[in-house]
Amino acid sequence: MRVAICALLTAVILIPGAILGTAAGGLVNETLPGNDAIKLPLTALSGLMGMFVGGAVWGWSISRVTKAGAGRRMALAGGIGFALSTIVVVLTLGFLEDLVVQQHRGPQFPIHNVFTMLFVPAAAIITGASGAMLGFGMRDPALAGRLAWLCAISGGCAFLVVNLTLDGLGFRVGAPGAEARATMITTALLGNLAAALAGGAIIGYSARGWSRAFAGSGSQDSGHRHARRFRHPGGR
């Protein structure tokens, strides 16, 4: 049950969070006058803030479901991890898309192959980074490392499965009529949704014992503080 809830929370919070951040950045880019040197940082900042809100809500929600007891830290970690990784990936994708597709520089592959080579690793990076930050929010570097590669692999594979399935059903990115059917947007949205579900499921599965681990950590910290007060009455 926890696995399903974490998967659903990840999908229903982070996907709208990404859309919110993208919309905020697009609004700033369209409304602000000036050159790109000024608009680009403001656009990225607006997108970062919108995605941070989504990531923070997600991190806090995961802490409630898993009873981790580190709500504030996991909210901060979730916001930072999701927002930074998504902004970096989006800017990188935009640069590579312009370089490979628009300027025709680098290896010349069919558009659907370029889409797969760019978006599958992108989904893996965002899923892995977001999962890893929850581990750091728990102050557990080992957990962060496990979540990083487990979430990255599951998220990337989930996106790839959706991409190949839609391609096999005739929804090929870059094919004739694909723009009219919004094939790229549809594939990206469904692929990222699958990646979020897969990454959230991994987090839910890995959350066994988080509440006990946090309680143990808290008990140890309390014991250390009590010992210090005993050895040094009055805080001296």
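Is Asp167 buried, partly exposed or exposed? With a relative accessible area of 21%, Asp167 is partly exposed, because the buried class ends under 20%. The value belongs to a predicted model, as do the other values reported below. Asp167 takes part in a salt bridge with Arg172, in which the N to O separation between the side chains is 2.8 Å. Arg172 is likewise partly exposed, at a relative accessible area of 35%. The structure holds one salt bridge. Side chains of opposite charge can pair when their charged atoms come close.

The protein chain contains seven helices and zero strands, and along the sequence its pattern reads α-α-α-α-α-α-α. Of its 236 residues, 39% are buried. The accessible surface amounts to about 13000 Å², and carbon and sulfur atoms account for 70% of that area. When contacts between residues at least 6 apart in sequence are considered, 74% of them join residues at least 24 apart.

Helix H1 has 30 residues, and the distance from its first C-alpha to its last is 43 Å, close to the expected 44 Å. Helix H4, which covers residues 111–137, has 27 residues; its end C-alpha atoms are 39 Å apart, and this agrees with the 39 Å that it should span. After H4 comes Arg139, which has a positive phi, near 60°.

The buried positions of H1 are Cys6, Ala7, Leu9, Thr10, Ala11, Ile13, Leu14, Ile15, Gly17, Gly21, Gly25 and Val28. An α-helix has 3.6 residues a turn, so residues three or four places apart point the same way. Gly17 has a relative accessible area of 5% and therefore counts as buried. Beyond residues up to four places away in sequence, Gly17 touches Gly50, Met51, Gly54 and Phe82. The C-alpha atoms of Gly17 and Gly54 are separated by 4.3 Å, although the two residues lie 37 residues apart along the chain.

The largest nonpolar core has 28 residues, among which Trp58, Ile62, Met74, Met138, Ile203 and Trp210 touch the most other members. At least two residues of this core come from each of helices H1 (2–31), H2, H3, H4 and H5 (141–168). The greatest contribution is that of H3, with seven residues. With neighbours within four places in sequence set aside, the contacts of Trp58 are Leu9, Thr10, Ile13, Leu14, Gly78, Ser130, Gly131, Leu134 and Ile203. Of these contacts, Leu9, Thr10, Ile13 and Leu14 are also among the buried residues of H1.

Thr86 belongs to helix H3 and is buried, at 5% relative accessibility. Apart from neighbours within four places in sequence, Thr86 is in contact with Met51 and Ile126. Met51 is also touched by Gly17. Thr127 is located in helix H4 and is buried as well, with a relative accessible area of 13%. Residues up to four places away not being counted, Thr127 touches Cys151, Gly155, Ala195 and Gly199. Thr127 and Gly200 are 73 residues apart in sequence, while their C-alpha atoms are 8.7 Å apart in space.

Key. Residues are numbered from 1 along each chain as its sequence is written. This is a predicted model: local features need pLDDT of at least 70, side-chain atom pairs count only at pLDDT 80 or more; totals for chains, interfaces and linings use all residues. Side-chain values use heavy atoms; hydrogens and water are left out. Helices (H or I, at least four residues) and strands (E, at least two) are DSSP runs, numbered from the N terminus. The expected span of a helix is 1.5 Å times one less than its number of residues. Buried means under 20% relative accessible area, exposed over 50%, partly exposed in between (1.4 Å probe, protein chains only). Contact means heavy atoms within 4.5 Å. Accessible areas come from the Shrake-Rupley method with a 1.4 Å probe; for residues, only the protein chains shown count as cover. A nonpolar core is a set of buried Ala, Val, Leu, Ile, Met, Phe, Trp, Tyr and Cys residues joined through side-chain atoms within 4.5 Å. A salt bridge is a side-chain nitrogen of Lys or Arg within 4 Å of a carboxyl oxygen of Asp or Glu.
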